[in-house]
Amino acid sequence: MKQSVEQLVRPEIQAIGAYHVADAAGLIKLDAMENPYRLPAALSDELAARLAEVAINRYPDPSGGGLKDELKAAFGIPAAAEVLLGNGSDELITLITQALARPGAKLMALEPSFVMYKMNALLSGLAYVGVPLTADFDIDLPATLAAIEQHQPAVLFIAYPNNPTGNRYPRDAVEALIAAAPGLVVVDEAYQAFADDSFMSEAGTRDNLLVMRTLSKIGLAGIRLGYAATSSAWATELDKVRPPYNVNVLTQAAARFALEHRAVFDGQAVTLRAERARLAEALAAQPGFSVYPSEANFVTARVPDAQALFAGLKAAGILIKNLNGAHPLLENCLRFTVGTPEENGAVLAALAQLK
């Protein structure tokens, strides 16, 4: 007898929805922490010529064809660290959870944080332990240390800075968690281009540390390239889970090209940092707004009525992220991706009209 979809698919999968991506057609898109700047026209033409030479009839080099060494040189990755490449950092999270999914193993994360940590725990069959942040989105160090002692997680994910709140935790608190954790600690530095600190210099020198980054936030979200730096012992095991051709030839070529022109993206990051400060100051001046410190390319604010303001901005042609309902600590919170000066000006003008 043939079985139905409902009989075959795991019940915990049936109980959830697919990751939702909002339709941004016709809107100023400030909901997904993307760099708002396209490549300059001259670089676009140069990249097109470069990609035209790529042998798309061949499988990609499974080890990145030298891209790992170029990333190490560009971003100061220690010689002691091994680099893993992923189809975005999302895939790296998947590889980690798959490799650690022993019966009874636990994944721990701070909450609220990146939703894919919890999602990958469910998909890979790890027990999930979420430890709430404080009311101002800081690490509750005593509670987190107690949870580590109690649950002995196989892996602890720490977003540094945190998404969706934007703040960077005190370094000494993160150091304490790394020291206390019995398993792997993943420090997710997706927003490092906009932050004032990093753990990358320690990658490969601490047995239980993996530092993960992505090229998405600096202006290359479309090519889907994430990378991780860790000890050779961890890299060896995680590489066994990686699909052999997970980073395609066009992504590899585009990433190499981008590294050659890093100054362009670094300049954009400087502009976005300045715009972040301007946007945060203007939002903080809005009646009833509480704006949280950010070292990412977005600003999170608690507002009097998130649902109404989100709808009002969308009606004005601006799409931001409504965090209300995602976690109890995010009640009435909205997340504003930092856009171009013109886009940020449009947000502030729309807010003035919505008062």
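Two strands count as paired if DSSP finds at least two bridges between them. In this predicted model, strands E12 and E13 (residues 333–337) are joined by two bridges and run antiparallel. Within this pair, Lys321 stands opposite Arg335 of E13.

The two strands belong to an open sheet of four strands, arranged in the order E9-E10-E13-E12 with antiparallel pairing. Its edges are strand E9 (290–291) and strand E12 (321–322); each has a single partner strand, so one side of each is left without a neighbour in the sheet.

Two helices lie across this sheet. Helix H13 (residues 306–315) lies across E12 and E13, with a direction at about 30° to E13.

## The seven-stranded sheet

A second open sheet contains seven strands in the order E2-E8-E7-E6-E5-E3-E4, and its pairing is mixed. From one strand to the next, the twist averages 20°.

Strand E5 (residues 155–159) pairs with strand E6 (residues 184–188) in the parallel sense, over five bridges. Ile158 has Val187 of E6 as its bridge partner. Helix H6 (residues 115–124) packs on the sheet and touches strand E3 (106–111), E4, E5 and E6, its direction making about 160° with that of E3. Helix H7 (residues 141–151) also packs on the sheet, where it touches E3, E4 and E5; the direction of H7 makes about 170° with that of E3.

## Leu100 in helix H5

Leu100 lies in helix H5 (residues 88–100). The relative accessible area of Leu100 is 13%, and the residue is therefore classed as buried, the cut-off being under 20%. Leaving aside residues up to four places away in sequence, Leu100 touches Ala105, Leu126, Ala154, Val155 and Trp234. Leu100 and Val54 are separated by 46 residues in sequence and by 36 Å in space, C-alpha to C-alpha.

## Packing of helices H3 and H11

Helix H3 (residues 41–52) packs with helix H11 (residues 249–260) at an angle of about 140°, and their axes are 10 Å apart. This angle makes H3 oblique to H11, because the label of roughly antiparallel applies to angles over 145 degrees. The crossing of H3 and H11 is right-handed.

On the H3 side, the contact is made by Leu43, Glu46, Leu47, Arg50 and Leu51. H11 contributes Leu250, Ala253, Ala254, Phe257 and Glu260.

## The annotated lysine and domain

An unreviewed UniProt entry lists Lys217 under "modified residue: N6-(pyridoxal phosphate)lysine". In the model, Lys217 lies in helix H9 (residues 216–220). Its relative accessibility is 15%, so Lys217 counts as buried. Apart from residues up to four places away in sequence, Lys217 touches Ala32, Met33, Asn35, Ala190, Tyr191, Phe194 and Asn297.

The unreviewed UniProt entry also carries the annotation "domain: Aminotransferase class I/classII large", which covers residues 27–350. Over residues 27–350, the chain is 41% helix and 17% strand. The end C-alpha atoms of residues 27–350 are 13 Å apart.

Key
Residues numbered from 1 in each chain as written. Predicted model: local features only at pLDDT ≥ 70, side-chain atom pairs only at ≥ 80, totals over all residues. Heavy atoms only, no water. UniProt positions renumbered as here; feature names shortened; annotations may be inferred. Buried < 20%, exposed > 50% of the residue type's maximum accessible area, 1.4 Å probe, protein only. Contact = heavy atoms within 4.5 Å. Axes fitted to C-alpha atoms, helices over the stretch in contact; angles between N-to-C directions. Parallel < 35°, antiparallel > 145°, perpendicular 65-115°, else oblique. Left-handed = near helix turned anticlockwise from the far one by under 90°.
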